[in-house]
Structure formats: structure tokens, C-alpha cells
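Let's take a walk through this model together, starting with the overall picture and then stopping at a few places along the way. Keep the structure open beside you as you read.

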Amino acid sequence: MVGGHGNRAGLVVLVAISAVDCAAHSMNSLGPFAVGELVRGGRFSIMQAGVWSSVEMLAYAVAMTAVAPLSARLRLRFVAVLAAVGLVGAQAGSAFVVGLWPLLVLRVLSGGCLGGLNAVVNIGASRLGRPVFVLSFVMVVQTVVFSLASLLLPHASAIAGQRGVFLALAGLVVLLLPFMFFLPDTNVAHTPAPPQARYATPPGLAHVWALLAVLFYTGGSLAVWPFTQRIGASVGLAPASFGVLSAIANIAGLAVCLVTVVQSRRHNTSPFLVPALVLVGGVCVVQACPPAPMLFCAAFVLNYAVWFFIYPSLVGLTCLVDPTGKLAARSGGAWMFSQAGTTLFASATQTNGLYLWTGLFSLCLCLCAAFATLRVTPAPTPAAPPYGPHRNGPATPHVAPVRSRAGAAPNTAHMGKAGHKPPCPARLRI
């Protein structure tokens, strides 16, 4: 596809992946509303809420880890639609269930479906090429969707409590589901080997350091995330005010996403990634144990907004190290395993709604993430433009036609019908 038709097709796929991304991260971004309602309604203690969240995250991690070896054969549309339908069932069921064990069973179903959706996003970004650009673009859409949802969920909670929150979460996925049918439903038989980048570590260890960078950062920055609403309440922030704060954080995240989209069109890696990881480590301490409401609000917004730069950059780095998407899918599993463990740690160490030890632990993890990123980050290189050096078609090396003696026509036996080359794995053309 070339010209305008190729642009439209690329945009449609980006919109479809954006819908999957919103569904896949719906509990990561909006889960604190559910946790807050379950605790406020007396269903769960803080410790039970931590177990509830961790069960979902572990199921999420297992699903992504299980999908990773199948990345080349994965049919994106089929997996996305199936997982979205399962997620709607899990959220709708949680609206009407009151016991701890039935809610935990539904979290296993929810986590498995969320993991399948996130695997589709990461593998799709790898297949399209330009992973940092793709992930930043879909997160722009995500911030708009979640900003609106953050304003509506407190009202759903006030009107119908637990039932209102979970039905709203299920309804969000229902609205996103039709867009997923525009995903390509083909697999990739093989992925061409990437050009060798200059890493600060042997190529065999680059995979390990990239995975560790994601594991340390996500575990550190998100350790107290399920309890964020409770921390805000402990310093005097009302639920409606927390909803407004979440919307402001999403708007700040939108600005960061837009900057990242522009920057990723010029460079695949950013020199600001490591400093941002160090900054977030300090912010986590203030967010976990805020001395004042305003400092909590500032730390919450900053941590949330910078996430929209660091996350696509780190996952994009795993795509650059391994363009098959296998490492990117594993990175999602590593994220959930680390967040599940640190969430349990947070629920066990909290005192009067504050999480000082978790904040200090988060600082250490973010510093480790910065070190791991230094070990794997290649020298900054310009990103390839969407169509190569020209806007009207992909760049292809010039190959002179092979002619037989006596000037016979070139041999086209290796080509498909009508002398055209067989289709290659889809790449982003927008």
C-alpha cells in the first residue's frame, strides 16, 4: 500500500491497537477506584485488597509469559476479541459477587484476559516497527479515554457502589471492543534479523538487562498504585477530588505522550530515559508517604505523567533488542510479576495508610532500573521515517535485474503471481 490508502490503513491499525491498549490497561489505571470502593464498602481489609490486586497481576503475568513463545504465530484480532469478551464477563461478574473467594476467581479470569490484551499490544508494536512511536501513540489515546473515565467512575461509585464501578469498567471494554475487529488477523512466519546495535553489554546479555530494566521500574513505580486513593484519603483528599486529580494526571500524561511521539519519530532511544528513572525513584518516596496533601498531588501527577514516557521507551527498547515481540511480551509478564510482589509488600508494611518502607524500596528499584537501562541502551540513532527517506513508499535497496546471457528477461521464478514479491510482515506506514 502506498500513498493515501497506506496512510489510512496504518491509521486504522493504530486505532485498533489503541483500543486494545485501553482495555489492557483499564485495571492498571482505573483499578484504584475498584480497590477503594471494596475497602470503603467494608468488603476487604487493606491486606485482602492487596491480595486481590496481586492475584490479578499474577494471572496477568502468567498469561503474557505463556503467550510470549507464540508471538510469531499469534493472530492479533482473534486473541484480542476473545480476551476482551472474557474481560467483560469478569468485570460484570465482579459487580454482583460479594465473597472474597468468588472475587479472587474472577480476578484470575480478568488478569488472564488483560495479559492477553497487553501481549497483543506489545507484539503488534513489534510487528509494525517503530515500537516507541506506536506505544506512545496508543498511550495518547489511552490518556484521553482514562481522563474521561476518571471523572465518571467516582459518580458510578457514589450511585451504585461496587456494582457501579465494575459495571462501568465492563462498559468501557464493551465500547472498545468493535475497534478491535480492525486488527490484522495474520501471523508472521518469520521476522528478519535486526541490525546489530552498539550495546554496552554483549548481545546475549542485552535481553536480560532489558527485561530487568522493565521489571525494576514497574515494580518500583507501581508498588503503591492500587492503594493510591487510600493514601490520598489519609491526607484529606476526598474521592471526588481524587477523580479530578486523576484526570489532571492523565492530561499531563497526554502532554508527555505527545512530546514522546514527536521525539520518537526522530530517535528510537532517548537520552532522558535514565534521568527520568532516577527522578521517579525520589518521587515514589513522596507519593508513598506524603507529608502534605499538595506534595502528594504533585508526586502523583509527576509519577503518573512520566510513566507515559518511560513505559513506552522501555518496552520499545525490548522491541529493538528483539523485534519478534517475544521479549516485549515477556517484559509485560515481568512487569506484572514485579508489581504483584511489591503490592503485597506495600499492603504488609503500610502504617495508618502510609507506605514509607515501600517508598524507599521503590527508590532502590528505580535506581536499579536506571543501571540496567544504561547497560542495554544503544547509542542514540535516528529513527527510520515511516516510508524510509521518502513519504510515498518504503525504502528498498536498488537491485539490478539479473539477466541471462543474450539479454533474456530477468528470472522471476522466486516471485509470486504477476511477478510481485510475496507480502512481508506488516510495518507501520503512516
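How many helices and how many strands are there in the protein chain? There are 13 helices and one strand, and you are looking at a predicted model rather than an experimental one.

Next, consider the chain as a whole. Of its 430 residues, 53% are buried.

Now zoom in on a pair of helices. Two packed helices are described by the angle between their axes and the distance between the axes. Here the pair is H4, residues 76-96, and H5, residues 100-128. Their axes come within 8 Å and cross at roughly 155°. Because angles over 145 degrees count as roughly antiparallel, H4 is roughly antiparallel to H5. The crossing of H4 and H5 is left-handed. As for the residues of this contact, 15 are nonpolar, seven are polar and two are charged.

From there, turn to Tyr60, which you will find in helix H3, residues 46-67. Is Tyr60 buried or exposed? Its relative accessibility is 1%, so Tyr60 counts as buried, the cut-off being under 20%. Leaving aside residues up to four places away in sequence, Tyr60 touches Ala24, Asn28, Gly111, Gly112, Leu114, Gly115, Asn118, Trp335 and Met336. Take Ala24 as one of these neighbours: Tyr60 and Ala24 are 36 residues apart in sequence, while their C-alpha atoms are 9.7 Å apart in space.

Our last stop is Leu222, in the loop between helix H7 (203-221) and helix H8 (228-234). Although Leu222 is in a loop, this residue is buried, with a relative accessible area of 11%. Which residues does Leu222 touch, not counting those up to four places away in sequence? They are Trp307, Trp335, Gln339 and Thr343. You have met Trp335 already, among the residues that Tyr60 touches. Finally, compare Leu222 with Ala340: the two are 118 residues apart along the chain, and their C-alpha atoms are separated by 9.4 Å.

Conventions: Residues are numbered from 1 along each chain as its sequence is written. This is a predicted model: local features need pLDDT of at least 70, side-chain atom pairs count only at pLDDT 80 or more; totals for chains, interfaces and linings use all residues. Side-chain values use heavy atoms; hydrogens and water are left out. Axes are lines fitted to C-alpha atoms, for helices over the stretch in contact, and angles run from 0 to 180 degrees between N-to-C directions. Helices (H or I, at least four residues) and strands (E, at least two) are DSSP runs, numbered from the N terminus. Angles under 35 degrees count as roughly parallel, over 145 as roughly antiparallel, 65 to 115 as roughly perpendicular and the rest as oblique. A crossing is left-handed if the near helix is turned anticlockwise from the far one by less than a right angle, and right-handed if clockwise. Ala, Val, Leu, Ile, Met, Phe, Trp, Tyr, Cys and Pro count as nonpolar, Asp, Glu, Lys and Arg as charged, and the others, Gly among them, as polar. Buried means under 20% relative accessible area, exposed over 50%, partly exposed in between (1.4 Å probe, protein chains only). Contact means heavy atoms within 4.5 Å.
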